[in-house]
Amino acid sequence: MSAQDLVFEPLDSGEALVSTAISRVTAQDDTTIVLLAGPIKSGKTTVIVSLYELFNQGPVGGLFFGGSETLVAFERISHTGRMASGRSIPETVRTNPSSPTAFLHLRVVGTGEGLPKASNLLLSDVTGEAFEEARNVSEPTIIPRRLWRRADAICVLLDGEKLSSVTTRHLVRTGARSLLRAAREANLISSRCRLMLVTTKWDLVSSNETVEFVGETESWLLDQFRSDFESAASHRIAARPNSSRVPYAYGVPDLLVDWIAKPQLKVPIVAPSPTSSGMSSFAQVFWHQQRELVAGVLNVV
Amino acid sequence: MSSEQTVVLVGLPGSGKTTFLAALWHQLESEEIQTAFTTDRLQPDREYLNGIRDAWLAFKEVPHTSAGIEQSALLRVRHVQTGKKFDLAIPDVAGETYKRQWLERQLPGTYIHQLHHSFGVILFVHPEQVLHPALLDGAVRDSTGSEALHEWEPALTPTQVRLVDLIQSALGVFDRSHVLRLALVVSAWDLVESPATPEVWVERHLPLLDQFLRANTGRVMSKIFGASAIGGSLTESEMLARTPTPSSRVRLHISSENLRDLSRTIEFLTLGES
């Protein structure tokens with residue numbers, strides 16, 4: 001066979017998935033959509049890169065890497081943290097503001113008891129611009145409403161380095177609160193969504209006083225917003241620590257396990273299915289309309 | 001009665017596909033050692049196989065398949081234990097073709113066709129060609145000041161990522177009603193220092209690929225082999241020539257077993273786990 005006989009078929013690009021393409025993934029195994037929200041340089045993309053690099057070394061949090069549709073995208077964003085980049089100091093490329101709703105995909109498979117068999121993760125680091133817009137306007141456009149409401153988990157990042165400074169710590173606290181309040185009042189949060197407060201750069205939090213302040217901030221935010229979410233938790237991570245005091249990707253495995261954990265139902269109530277025979281057409285329409293609101297609360301059988 | 005099906009050899013350039021095929025053909029045809037298969041009868045066209053075998057016998061570099069050209073070998077074999085007969089088409093596709101998959105995100109149409117009609121895939125990896133993802137130390141705070149920055153390019157991708165991508169692409173075109181059988185061959189096994197077993201080597205050096213195979217047993221039935229189709233370095237030809245027969249200088253490691261019969265890889269693909 002000669003060169004001219006070789007015809008080539010195109011493959012998927014391997015780049016980040018746009019929001020219109022994620023249905024291909026969600027149609028397969030269980031899928032968790034995670035939005036990582038925080039100001040510029042709070043560490044959103046670094047969290048994702050560190051998770052990918054951990055999998056390049058072995059299983060993470062008891063989970064095997066089961067594949068990815070966005071390997072090319074992962075490689076692009078990981079490059080500046082590797083020796084092959086020619087750098088001596090690792091960096092993270094800034095999220096491309098021209099594609100603020102792009103998702104990175106990981107398929108993970110549990111290796112032990114209590115872990116899901118196979119699960120898809122779709123991770124999106126919300127650009128700093130999108131974060132500010134969501135705080136400031138009631139109808140965000142950079143990350144549209146339907147995407148906020150589709151999220152299974154919203155991670156609000158608190159920059160540990162800025163929390164360590166008395167001149168910037170209140171900006172961090174207030175910024176997180178104003179985002180959550182705006183999201184609540186604009187009805188951006190679905191009832192099945194979980195909240196995770198993630199303090200990043202934990203290796204830079206060195207004083208007891210700062211640790212205390214972080215704890216108070218976490219409690220303060222959780223107390224105010226816990227009831228708006230299916231569940232709420234806090235994490236402290238150092239995705240790419242600046243010292244050997246903590247290991248690479250400190251806290252990231254626990255965050256991953258929390259992402260894919262199945263939410264606990266609030267009230268196990270059995271309700272009729274919209275497709276039950278004998279239900280009036282009005283009742284069927286009612287259940288279809290209410291399904292999104294009640295699905296996280298009721299066992300619909 | 002046999003029907004022609006394909007065994008597809010997959011691997012990046014220089015991963016050992018053609019050398020393996022040359023040694024396999026010699027072992028099957030020469031009957032110098034006991035093998036899981038015998039050549040039931042000679043296929044009409046043996047020119048390509050005899051050509052690469054001759055180079056292998058003479059301790060010469062087995063000529064790599066040129067980019068854009070595809071050679072195809074047909075083996076008519078009979079499984080000794082079960083008597084089953086197979087016509088195995090073994091396309092020998094240039095490694096550059098698979099390299100192109102990652103770089104340019106495209107697959108040859110013939111490869112897609114072969115996968116549709118295949119028992120499975122033999123995926124080769126050369127232990128001295130594994131590119132690892134070396135991370136920068138986050139504790140370094142000061143730039144050296146003389147950095148020559150390199151933009152990302154696909155060629156910098158770690159080997160294990162490219163191998164996962166190869167398998168994912170194969171799964172994307174493979175008939176989903178069947179499990180894809182994959183024989184992962186670590187070639188030039190004689191070069192592996194302090195080898196444990198091929199499985200342990202893959203877990204240590206290709207952890208992403210190892211996880212992928214463990215996580216996808218419902219879609220991929222895999223087995224890992226360590227193979228030395230030459231038996232050593234070509235510079236050691238005088239020493240290698242002293243083995244009783246050319247077939248006996250070959251090594252195939254399956255877990256802790258040390259065998260010689262390369263057709264055990266074909267046996268796994270055609271008949272599954274024994």
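This report walks through selected features of a predicted model.

## Chain A in outline

Chain A has 301 residues, and 52% of them count as buried. Its secondary structure comprises ten helices and ten strands. Take the contacts in chain A with a separation of 6 or more: residues 24 or more positions apart account for 75% of them.

## Salt bridges

Side chains of opposite charge can pair when their charged atoms come close. Over all chains, the whole structure holds 23 salt bridges. One of them joins A:D228 to A:R184, with the closest N and O atoms 3.1 Å apart. A:D228 sits in the loop between helix 8 (208-225) and strand 8 (231-236) of chain A, and A:R184 is in helix 7 of chain A, so the pair ties together parts 44 residues apart in sequence.

B:E203 and B:R214 meet through their side chains in a salt bridge of 3.8 Å, N to O. This pair links distant parts of the chain, with B:E203 in helix 6 (residues 198-205) and B:R214 in helix 7 of chain B, eleven residues apart. B:E203 is partly exposed at 42% relative accessibility. B:R214 is partly exposed too, with a relative accessible area of 41%.

B:R264 and B:E267 form a salt bridge at 3.2 Å, N to O. They both belong to helix 9 (residues 263-271) of chain B, three residues apart, about one turn of the helix. B:R264 is partly exposed at 26% relative accessibility, whereas B:E267 is buried at 12%. Elsewhere, A:D12, A:R24 and A:E69 are joined into one network by salt bridges that share partners.

## Two buried residues of chain B

B:N216 lies in the loop between helix 7 (207-215) and strand 8 (220-228) of chain B. It has a relative accessible area of 1%, so it counts as buried, the cut-off being under 20%. Beyond its neighbours within four places in sequence, B:N216 is in contact with A:G66 and A:R107. B:V179 is 37 residues away from B:N216 in sequence and 10.0 Å away in space, C-alpha to C-alpha.

B:R76 is in strand 3 (residues 70-79) of chain B. At 19% relative accessibility, B:R76 is also buried. Leaving out residues up to four places away in sequence, its contacts include B:T38, B:D40, B:L42, B:P44, B:F86 and B:D87.

## A negative patch

Four residues form a negative surface patch: B:E128, B:D190, B:E193 and B:E236. Of these, B:E236 lies in the loop between strand 8 and helix 8 (237-240) of chain B. B:E236 is partly exposed, at 35% relative accessibility.

## Positive phi angles

A:N187 is not a glycine, but its phi is positive, at about 60°. This residue is in the loop between helix 7 (169-185) and strand 7 (194-200) of chain A. A:N187 is partly exposed at 46% relative accessibility.

B:E31 also has a positive phi, near 60°, and is a residue other than glycine. B:E31 lies in the loop between helix 1 (17-30) and strand 2 (37-39) of chain B. With a relative accessible area of 54%, B:E31 is exposed.

Note on methods:
Residues numbered from 1 in each chain as written. Chains lettered and ligands numbered in written order. Predicted model: local features only at pLDDT ≥ 70, side-chain atom pairs only at ≥ 80, totals over all residues. Heavy atoms only, no water. Helix = DSSP H or I, 4+ residues; strand = E, 2+ residues; numbered from the N terminus. Buried < 20%, exposed > 50% of the residue type's maximum accessible area, 1.4 Å probe, protein only. Contact = heavy atoms within 4.5 Å. Patch = residues over 30% accessible without salt bridge, like charges linked within 9 Å, V, L, I, M, F, W, Y side chains within 5 Å. Areas by Shrake-Rupley, 256 points an atom, 1.4 Å probe, with all protein chains shown as cover. Lys, Arg positive; Asp, Glu negative; His and termini not counted. Charge placed at Lys NZ, Arg CZ, Asp CG, Glu CD.
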